[in-house]
Amino acid sequence: MAGRIERIELWHVNVPLPAPFWPSWIPGYPQTHVAQTYARFITSDGLTGETAGPAFTTERRGLGDLLGGFLLGMAADDMDGFRKRIREASYLGWRNWWLEAAMSTIRKTPSSRSAAWIAASVSVGLGRSWMTSNVVTRS
């Protein structure tokens, strides 16, 4: 039995592209950067689950506050409950299907990756990137 989710960490990462990209699925909207939101769930017994999902920019900046109310304190091995809460959160407009990967991969990690490691990982060879972060815990 895994512990309960006690901390959610989010990073909003934006990496510029060397040249604009014109995706056929979004006519008239050139992509000048690759953006993603990286999430980490940490349980009361030290397990972590990590994932990332696509973004346009920082539209998920308030995601931590939303997720905190839905996920903090829930059992980390309750996938049915997690899916239900993510579905309920989607009624507020955000589709966060990509978070399920973090819950299904919760595991012991020997050391925590830092925000600098994440930024370096996504920006290698792509120039300068920027990142903002958000941490949510129970008060």
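Mentor: A definition to begin. Ala, Val, Leu, Ile, Met, Phe, Trp, Tyr, Cys and Pro count as nonpolar; Asp, Glu, Lys and Arg count as charged; the others, Gly among them, count as polar. This is a predicted model, where local features need pLDDT of at least 70, side-chain atom pairs count only at pLDDT 80 or more, and totals for chains, interfaces and linings use all residues. Residues are numbered from 1 along each chain as its sequence is written, and side-chain values use heavy atoms, with hydrogens and water left out.

Trainee: By class, which residues does the lining of the largest pocket have?

Mentor: A pocket is an open set of points on a 1 Å grid over the protein atoms alone, where a 1.4 Å probe fits, with protein on both sides within 12 Å along at least five of seven lines; lining residues have an atom within 4 Å of a point. Here 19 residues line the largest pocket. By class they are three charged, four polar and twelve nonpolar.

Trainee: Which residues of helix α1 are buried?

Mentor: Buried means under 20% relative accessible area (1.4 Å probe, protein chains only). Helix α1 covers residues 63-71. Its buried residues are Leu63, Gly64, Leu66, Leu67, Gly68 and Leu71.

Trainee: What share of the protein's 139 residues counts as buried?

Mentor: The same cut-off applies, under 20%. Of the 139 residues, the buried share is 40%.

Terms used. Buried means under 20% relative accessible area, exposed over 50%, partly exposed in between (1.4 Å probe, protein chains only). Helices (H or I, at least four residues) and strands (E, at least two) are DSSP runs, numbered from the N terminus.
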